[in-house]
Amino acid sequence: VFVASRHLMRVLSGWGLKGLIHLPLGVDPSVFHPDEANRAEIRARFKLPPDQPVILYVGRFSPDKDTALLLRCWMKIAEKLPAPWTGVMVGDGQMTDLVETFVRHHPHLRRVPFVKNPKELADWYRAADLLIHPGRWETFGLVLLEAQACGLPVIGFQGGAMDEQAADLEAWSAERSSSGLADAVVHKAKTLQAGDRTKAARFVVERFSWEKTFARQMEIYEHER
């Protein structure tokens, strides 16, 4: 049984499941990669301010993705980060109407419908300064790999399966609440360095390229024949 994270392997093992093999998911580095030379042009194309931090969320709008926690977090970020900033939520889902209503009352936020084209999605990652991930129940967190592969630092919650996909885990929130996540986002937004983007991209390409994932999978098939 292939399992994407060691965290989930421990859970399944505790349930008595046998034959578990750790095999993380991966990303295509030919699509998801940095493009620092064109960031200004990408931001202009997406009508993002050139001189404000852009905080991005990508994913479904649903209870299992902790969308309600994300909306509370946006409000707390606004209280803690008085300097101008822009928040972007890319996605769709059963809570889209709630998100749309929330955005109408918070002018520093905008919602972008689900982006189907991977190359366009990669540009959203490249355009942003920080990715926020509110999920507390993820079994892997593929969006983290996509974002970091494009050079985008991420902030989430410590203590789950996503830990294994974090290039900068110490910056994540140990408190699994909207306040804790907001504090971590604000601190990271204030301390971002150019080297963070290089570190994030290198972390993914060295560990989570599809080439490495498939090579590992084929090795297992060959060994088990």
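Proline 50 counts as exposed, because its relative accessibility of 77% lies above the 50% cut-off. The structure is a predicted model.

**Proline 50**
- Proline 50 is placed in the loop that runs between helix 2 (39-45) and strand 3.
- From C-alpha to C-alpha, proline 50 and alanine 215 are 41 Å apart in space, and 165 residues separate them in sequence.

**The largest pocket**
- The largest pocket holds about 420 Å³ of space.
- Its lining is made up of 23 residues, and those closest to the centre of the pocket are Val58, Gly59, Leu121, Val143 and Glu146.
- At least two lining residues come from each of strand 3 (54-58), helix 5 (118-127) and helix 6 (142-149).
- Helix 6 supplies the largest share of the lining, with three residues.
- By class, the lining of the largest pocket consists of 12 nonpolar, five polar and six charged residues.

**Packing of helix 3 and helix 4**
- Two packed helices are described by the distance between their axes and by the angle between those axes.
- Helix 3 (residues 67-80) and helix 4 (residues 96-104) have axes that come within 11 Å and cross at roughly 5 degrees.
- Helix 3 is therefore roughly parallel to helix 4, as angles under 35 degrees count as such.
- Helix 3 makes this contact through Thr67, Leu71, Trp74 and Met75, while helix 4 contributes Leu98, Val99 and Phe102.
- The residues in the contact of helix 3 with helix 4 comprise six nonpolar, one polar and no charged residues.

Terms used:
Residues numbered from 1 in each chain as written. Predicted model: local features only at pLDDT ≥ 70, side-chain atom pairs only at ≥ 80, totals over all residues. Heavy atoms only, no water. 1 Å grid on protein atoms, 1.4 Å probe; cavity = no way out; pocket = protein on both sides within 12 Å on 5 of 7 lines; lining within 4 Å. Points joined across faces, edges and corners; volume = space filled by probe spheres on them. Helix = DSSP H or I, 4+ residues; strand = E, 2+ residues; numbered from the N terminus. Nonpolar A, V, L, I, M, F, W, Y, C, P; charged D, E, K, R; others polar. Axes fitted to C-alpha atoms, helices over the stretch in contact; angles between N-to-C directions. Parallel < 35°, antiparallel > 145°, perpendicular 65-115°, else oblique. Contact = heavy atoms within 4.5 Å. Buried < 20%, exposed > 50% of the residue type's maximum accessible area, 1.4 Å probe, protein only.
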